[in-house]
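Hi,

Here is the structure I promised to pass on.

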Amino acid sequence: MSREPPVSIPFREYRFSRVLKRPASASGMLEYRADGVLVRDVELPYRERTLVSGEGVILQREGRAERRFPLERAPQLRVLLEGFRALLDGRLSTLRNDFTVRLDEAGRGWTITLTPLDATLARRLTALRIDGTGDQPTCLEIAMPDGASYTLLGPTPRVRDVPTRAELEATCRTPLAAP
Amino acid sequence: MKSRGWAVLAAWCLALAAAAIAVDEKLVISADLRLFMPAPRDAAQRLVVRSVGESPASRLLLLELKGEPAARLSELSKALAGSLARSPEFEFVANGSETPRFPESLLPYRYLITDAFDAASLTTELPRALEDRRHDLTSPLGSFIEEWLPRDPTLELLRLAERWQPHREPKRVGGVWFTRDEKRALLVAATRAAAFDTAGQARALDDLNARLREVKGATRATLGINGAGYYARIIRDRTQSEATWFGIAATIGLVALLWFAYRRFRFALLGALPLVSGALAGLAAVGFLFGSVHGITLAFGFTLIGVAQDYPVHLFSHLRATESPYATARRVWPPLLTGVASTCIAYLAFLVSGVTGLAQLACLTVTGLVVAALTTRFALPSLVGADPEVVERFPALGRIDIASARLPRPAALLAVFPLSFAAALAFAPGAFWEDDLSRVTPVPPALLRADAELRSELATPDLRTLAVVSGPTEQAVLEDLEALEPELARAIEAGHIAAADHAARYLPSEALQRRRQQALPDETSLRATLAAATQNSDFEPDAFEPFIADVARARVAPLLTRTAFRGTPFDLRISSALFARDGEWHALVSFYDVKDAGALATQLGRVDNLTLLDLKRASEELVSSQRTYIIACLGVATALLVIVISLALRRASRVLRVLAPMVLTTLLIITVLRAAGVSLNLFHLISLILAAGLGLDYALFFEHSAADAGERRRTLHALLVCAISTLLVFAMLAFSSTPILRAIGVTVSIGVLSNFFLALLVARERA
């Protein structure tokens, strides 16, 4: 699914956590800029911009001071974000340094599953899964020990307002299940 | 030699052996550089001296791994750090791979340490914090804060970690510190042993090297070490190995010289007796009075060779077939005694110099010289036996004597000395005095440069500008530091500095902790606030039980003290920045990236109980005030010396002839050194005194010998042997690898040559 930047795509993320009584959601635009910076603009239900680069993460939120997280001090975050960027660039060989990579395909649908090799990262991140159809990624799943996050990519997310994990999994797997 | 002589010799040697064993057992050889540092006179100077030897920071070794690609080095760095963390010799090790962890037992205290709720209370801030956390969960950081959320919804730990993080950190490769060029991996390790505990440092260094060998396996990586403890070890090793080699070489040279001069092997052996006795007595005296002796003192002390070795030479050269050795000893005693007395007076100035190393040197020298002189006067005569005049074997002496007596001696020529001296003062390059303390310490300059470079790579705080807050109690000082915060914030705002750090950031005063404790909500109101805040949010209402428990614990916990930090990396930071001394408490405020020291001084000048230090200037003042004091002492010593000589010689013309060579030689040495661009330091002063003492001896004997031709030849023989033996020792020192010893060697060598010829030409009365 390697793309020539810049590319942008709408997203809707659902976050499940043991501290949440219902999934938290956010939607907006994801953009992979030509300078290699990943921009994540949340538009609803609040406004926020996250810039992810090789240097670190910058979080800009309306009415709050900007927060910076240099990747040097957060090695696990670095692995996760580097993995994500490698995926966007289609550099699977780089990914294999930090993850076991599995590719399942059925017809035009596919799923890439990344399992972290680093034990510290694995304590926080069980697996990273990207589903897609053809050259279009449709879904990003982050499985964590106490929760999960599902990011639906593309213009028309076909889910209820407050979906369950099962419904989201089903939605994400649909392209793979379809003939 | 008669049988009585043998008995005396045997008894003497036994006594020496016993003394040697006692000295060897009692005397500790120290490498503490502070022994050679001037005694501090005010707070700033005390800090300078403290920073060299005592502070926890001085136990830090800065390590660099090099010689392999960065990826390999970063693995080695991790392996070495892991291994050192298990070592009993090291207190802590850091390589950047892990930010210092807040100890679990201290976690509830974050609410007493943080300043986040000083303006608005926790209950006021909480709803907003929960809203932020809800948004954080649906951000790329979500998976990383989720683990801490139930316990720390305001992210106080993150806030403290950011606040405690060094302002700037070295570059990281593979998660560990590296130099900017990525060629060397950097580590910092603190030894348990103090910097100048040479035995402890040696154990730590051996342990470090063993662990490195184990870790590095077959790789070609090498380890560079820097730090006060390492320097102490290097200095000790160097001084010891050089002292050994010089000692052996000097002994062989002297024995050969004595054999050549007297053609009696016995004389060569007996000649060593006063020196050995003097040295042992001197060491015993230092051991008794000081407990330990500095390696450098020892090296200096053996320059005694130059002076004490002369005493038996005077006796041997003046022996006559027609005279008993006792009578000869009585005959050479007056000039010998005058020489000993004057040299001792000069060294006594060092005894009150306030520099422990110099006082040790004075003690060693004065005791050694007195014992060596007494040995020559009272023990040697019974051992040498009757001997034909040695000078008979050297007919050349007579020719030299006559030739030297015939040399033209225009007094006007002597004016060359003060004139060239004045020219050197006026035109020589560089400063007359060396004020840089780092150059006065015996640490090799290359090591100091490497140290400075490593410190800059490790982004340590500014080494030159430092503030000290002083007060009667620890709490008073902490409260002053807290009151200083707004000023520091303003200084950062104005761009004078980039950041500042002090102990109250880790350990707030008890008053402030108590205020924060009282401001924390009780469990009921905290639960009410949480319930209200979570009611309309996505959060589970009971998600934050661990948080409630921590706040409840913080409200009633006994106040945080520095002992709570024991065993954590923060311990070192606090104890090096907050300490008691002489009944007063002091806290250091360190600065990062000082851009405008002047503006900072103006701004912080208004703060009570605070002194802004310029450490470089303080150390320079320390050195120069010390020197002024020593020069004053030497002035008094010179006056005393002139009085002693006047009392001994009783005639102004004689006194003048005896003092002239020494004074002119001193001028010559300074002229030569300054013309070569050398700035003078304490060690040059010591050498000048030593050279002056030699000059005085030469002049006294030449002056004494003037009357009789045979006596003149005997004196010439004695002084030639003296001068050559001294030159032998000091010319060797001039090749030492230690800059200080080299300086002494050069200075004294010039002094010996100049003194000998001037004494020969000036001190002797025309026949």
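In the hairpin of β7(A) and β8(A), two residues sit between the strands, and A:Gly107 takes a positive phi near 65 degrees there. The two strands, β7 (residues 99–106) and β8 (residues 109–116) of chain A, run antiparallel and are joined by eight bridges. A:Ala106 has A:Gly109 of β8(A) opposite.

Before I go on, the housekeeping: this is a predicted model, where local features need pLDDT of at least 70 and side-chain atom pairs count only at pLDDT 80 or more, while totals for chains, interfaces and linings use all residues. Residues are numbered from 1 along each chain as its sequence is written, chains are lettered from A and ligands numbered from 1 in the order in which they are written, and side-chain values use heavy atoms, with hydrogens and water left out.

Now the rest of chain A. It has four helices and 11 strands (DSSP runs numbered from the N terminus: H or I of at least four residues for helices, E of at least two for strands). Of its 179 residues, 46% count as buried, meaning under 20% relative accessible area with a 1.4 Å probe and protein chains only, where exposed is over 50% and partly exposed is in between.

Chain A has an open sheet of 11 strands in the order β6-β5-β4-β3-β2-β1-β11-β10-β9-β8-β7, with antiparallel pairing (to pair, two strands need at least two DSSP bridges between them). From one strand to the next, the twist averages 20 degrees. Within the sheet, β2 (residues 24–32) and β3 (residues 38–44) of chain A pair in the antiparallel sense over six bridges, and A:Ser27 stands opposite A:Leu44 in β3(A).

What packs on this sheet from chain B? Helix α5 (residues 122–137) of chain B does, touching β1 (7–17), β2, β4 (48–52), β5 (56–61) and β6 of chain A; contact here is heavy atoms within 4.5 Å.

On to the helix pairs in chain B. Helix α13 (residues 310–317) and helix α15 (residues 356–379) of chain B pack at about 20 degrees with axes 9 Å apart, which makes them roughly parallel (under 35 degrees; over 145 is roughly antiparallel, 65 to 115 roughly perpendicular, and the rest oblique). B:Tyr311, B:Pro312 and B:Leu315 of α13(B) meet B:Leu369, B:Ala372, B:Ala373 and B:Thr376 of α15(B).

Helix α14 (residues 325–351) and helix α29 (residues 682–705) of chain B have axes that come within 9 Å and cross at roughly 165 degrees, so α14(B) and α29(B) are roughly antiparallel to each other. Among the residues in contact are B:Gly339 of α14(B) and B:Gly693 of α29(B).

Lastly, is B:Ala718 buried or exposed? B:Ala718, in helix α30 (residues 709–733) of chain B, is buried because its relative accessibility is 0%. Beyond its neighbours within four places in sequence, B:Ala718 touches B:Val313, B:His314, B:Ser317 and B:His318. Its C-alpha atom is 9.0 Å from that of B:Ala261, 457 residues apart along the chain.

Cheers

Terms used:
Axes are lines fitted to C-alpha atoms, for helices over the stretch in contact, and angles run from 0 to 180 degrees between N-to-C directions.
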